[in-house]
Amino acid sequence: MKRDIPLLPHTASSPNPFSDLIKPLLFLLILPLILIGCSDREEYTGDQHDGYMSDQTETVLHTDDSGLVSFSSVEGHFPLASNGTPVPLYIHENDDSGVIRAFRDLQSDIERVTNSEPGLYTDTNPDADRIVIAGTIGQNPEIDRLIEEGKLDVSDVDGKWETFVITVVEDPFPGTEEALVIAGSDKRGTIYGIYELSEKIGVSPWYWWADVPVVQQSDLYISPEPHSLGEPAVKYRGIFINNENPGLLGWVTTRYGGFNHEFYEHVFELILRQKGNYLWPAMWGKAFHDDDPMNPKLADEYGVVIGYSHHEPLMRSHIEWSRYGEGPWDYSQNEERLREFWTEGIERIHDYETTVTLGMRGDGDMPLSDDRNIELMEQIIADQREIIREHAQDTSKITQYWALYKEVQEYYEMGMTVPDDVMILLANDNWGNIRLLPDPETAHEREGGWGLYYHFDYVGGPRTYKTLNTTQIARIWEQMNLTYQHGVDELWLVNVGDIKPHEFPISFFLDFAWNADEFTHDDMDAYPVNWARQNFGPQYAEEIGHILTEYTRINSRRKPELLDEDTYSLQNFREAERVLEEWEELREITETVKSGLSEKYYDAFYQLVEYKVEAASSLHEMYMETAKNRAYARQVRNTTNDVAERVRELFNQADEIRGRYHSVADGKWKHQADQTYIGYTSWAQPYADRMPYVDIIHTPYDRGVMAVSAENSLVPWPGPFSYPGPTAADEPKLPVFDKFNQQEYYFEIFNQGSEPFDYEIEVNEPWVTLSGASGSIDTQEKVWVSIDWDNVPHGEQEASIYVTGPNAEWDEHTAEIKIEVFNPETPSRNEIQGFVESNGYVSMEAGNYDRNITKDDLQWKKIPQLGRTQSAMSPWPVIADVQEPGNPDTPRLEYDMHIFNPGEVTVRVYLSPTKNYSKNFRNLDGIRYALSFNDDEPTVVNMHDEMPEGGGFDTNVWYEWTRNNAIIKETTIEISEAGLNTLKFWLVDTGVVLQKIVVKTDDIPETYLGPPESLRAN
């Protein structure tokens, strides 16, 4: 259940005096907590590079969330450790070497927690009253004996894929009273059981990769109730290290000398600790098998399945053709050499469990040809399969797949088929949007099954993005749940770039892949909090969970690499201000949390939380200050150069932030943040960060010169006299005030000269209220305007504000600022219902509907935290028949609003950029929804009608959707009567993800996010 996050001031569209009062009160309330947190700190002098630290003063948890482990004595529970002394560990020497290795990790983890290393035995039973036994069914003689004797029940485990049970058995050996047994159905099942216990006693999967500390405990008691997670929902679950230059390359080269087994051992362990089992290794100039022959050998020992990327057939790295290949990378011209090359790739995988890429793309991950030669591609795959049959040591351990990446999907859509035992690996569009899914009715009939390749990181058009985490877990859930429900459950793989800084979404992706049947909409609120609790303890789990959710929401609106000074509007709806306020609030929460954390968490907190907020917020501020500098230069403000200097400071701050990242954990992660991200001019990353262009001006006046501008305009009044100034149409005019919203707007008085000046303000109506009436200005000042609603006459009123001060050519000048007031006699504020029209629009967040009409189990469900502004609504279940809009029982969302004048309106709908993923089995040219007002006939809208035929990559439409992370559709509808009207958003096809609706009754300013949500009455 979601609850309000502490310390989160409300973001208003105008100054909030209540917020100014409440912040100090909140600080006083949390001050004791901060002081308590500070009093717990003690300096740690242990090995931070091993990612664990001790703090004996920390408050311990009494139990983990699952109930498996208690950190105090519980009657009937198994004492894994008592008073700091752990029981010994035993595993039979015949068990798999990878299982024994993982058991040694458990030995180290227990030492991390208890500060005492348990003994580990493989050749003889330890002489102890209580022991821990781990082993694989059918591989470990002692586990098999316990089963045969009826002491160990594995009926829910035996014969399953990667399944384990943790339970207590009595009298396992003569002289041993009881044992905690970890039994797996297979090698990885046992390994997962071992790491499950490690995690539950308090060792985070990120203990090494993010230096998450381990809280020391003297007592570890294990529940005797059998504990199991069942089978994973997805067979193969893994990550792809990609686009790894320069960050990961620099770090690995400095630390390990190259991408060798010493590096990959840490990768293998991380994957297994998160219950993954699969890896595509780094491939930008690297060759997993060729660079270090120990790499594949250790992967097999660990239990991690290796595959190669979508354009690296038959286990040969792309760079290996440059090293050893002869002739062109062209099967029609160089078949013999390519067959020899691929044969060597199959021969060197021995009998390891492996996935093998079939097919062929052009050299350098480019299209093979422009004509999509299906006959040639089919021949290539047939010949590759022949190589596998003739040269593989054990074909039963090889999974073959054909990756439908980019243009390869067109071969499939044109009718090309591959043998039924070949997995078809689908792909998203590199930006988190699934391109194609199978028919859910027949998907599981395919012997080879279906997989999906996803992205958190990408190099290519419309813009490379790989600097900061920009992935919302709610979008992962929505798209991958769609994938899973359509029968794609053989392989889930995600491109994670350098691994860091994508720790949070990696955890979610792999957790979801394991437990896809159980994850629901509600987990979008719960998961960030639980992940924060796992890594930082319970005290600030809610706050940290909120930070994780919010920074990805803001970042996902537009990738940092796509940001520029024009992204957010300075003048319309205070958009830039509101975005910066969001970042400022996150910074405040982050600083407050850090001030209360024990110092031992600082390194992990910086990597997993603080760095992301710091880097992204600084980048946003830099671009918005750049926009301000450009605007101020046009206005000839005397603060133009000061703002330019602020841009320079923020640009330099990026390097300072990079330096702080490289200094954590005594420099352990140096080079990991080397990636450039400022100054893109094309899809490709710049070789160096480049500061945005700023304007530097010389103030033309040696005295004070007054100008003014309204908040919704960047035009100065009067204009600069060095070039043609604004026209009468540009005279400052504030947005309309209305009695329902009772807005507060501002105008600015600023100085175009070099000396201060005095100003005076007068109004021609007594019901116009100002924050000030006179003063002296050195640079600039905002004056807030509001209305005395108790005294303003009814009807549409006009008034003027007169600002008098020195001008460039006259000693004194008066600028007039016009205002309009909408104060109808009826309806009253108490009578009005729904969202209220104001300034030409009604803006509504999708989740704030008035009615959600369901049909049996078919309904619209809210996906918390998804989208650019708040949450999103999507049909549930995600597979359903086409619905007929207009029928009384058709599922729909209804939004009540008050419109003041009848006539034609434009309904603008903001949607997640979902692709037409079902086109191959539903024969639809797009996903549809319908709109209507009141009881009028619905208008059906195809959200993909702008996409050119084929709907492929490198189209302007697709670029626009991905850049904006939204599809925005407009539909014109007639409203017949003023007053209360109900907009109905009808379900037609599943797959629609609705984020926001704006009903335009007039022209409104264009902004990136659209207008903020309207007032909602009653």
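This report looks at the nonpolar cores and aromatic rings of a predicted model.

## Ground rules

In this predicted model, local features need pLDDT of at least 70 and side-chain atom pairs count only at pLDDT 80 or more, while totals for chains, interfaces and linings use all residues. Residues are numbered from 1 along each chain as its sequence is written, and side-chain values use heavy atoms, leaving out hydrogens and water.

## The nonpolar cores

A nonpolar core is a set of buried Ala, Val, Leu, Ile, Met, Phe, Trp, Tyr and Cys residues joined through side-chain atoms within 4.5 Å. Buried means under 20% relative accessible area, with a 1.4 Å probe and protein chains only. The largest core has 240 residues, and Leu197, Phe263 and Phe985 touch the most other members. Apart from it lies another core of 27 residues, including Tyr745 and Ile817.

## Aromatic pairs

Which rings meet? Rings of Phe, Tyr and Trp (its six-membered ring) pair if their centres lie within 6.5 Å; planes under 30 degrees apart count as stacked, over 60 as edge-to-face and the rest as tilted. The whole structure holds 60 aromatic pairs.

Take Phe268 and Tyr302: their centres are 5.4 Å apart and their planes at 55°, so this pair is tilted. Both residues are buried. Phe573 and Tyr841 instead make an edge-to-face pair, with 5.5 Å between centres and 80° between planes. Phe573 is buried at 17% relative accessible area, and Tyr841 is buried at 12%.

Phe268 and Tyr302 also belong to one aromatic cluster, whose members include Trp209, Trp251 and Phe263.

Note on methods:
Buried means under 20% relative accessible area, exposed over 50%, partly exposed in between (1.4 Å probe, protein chains only).
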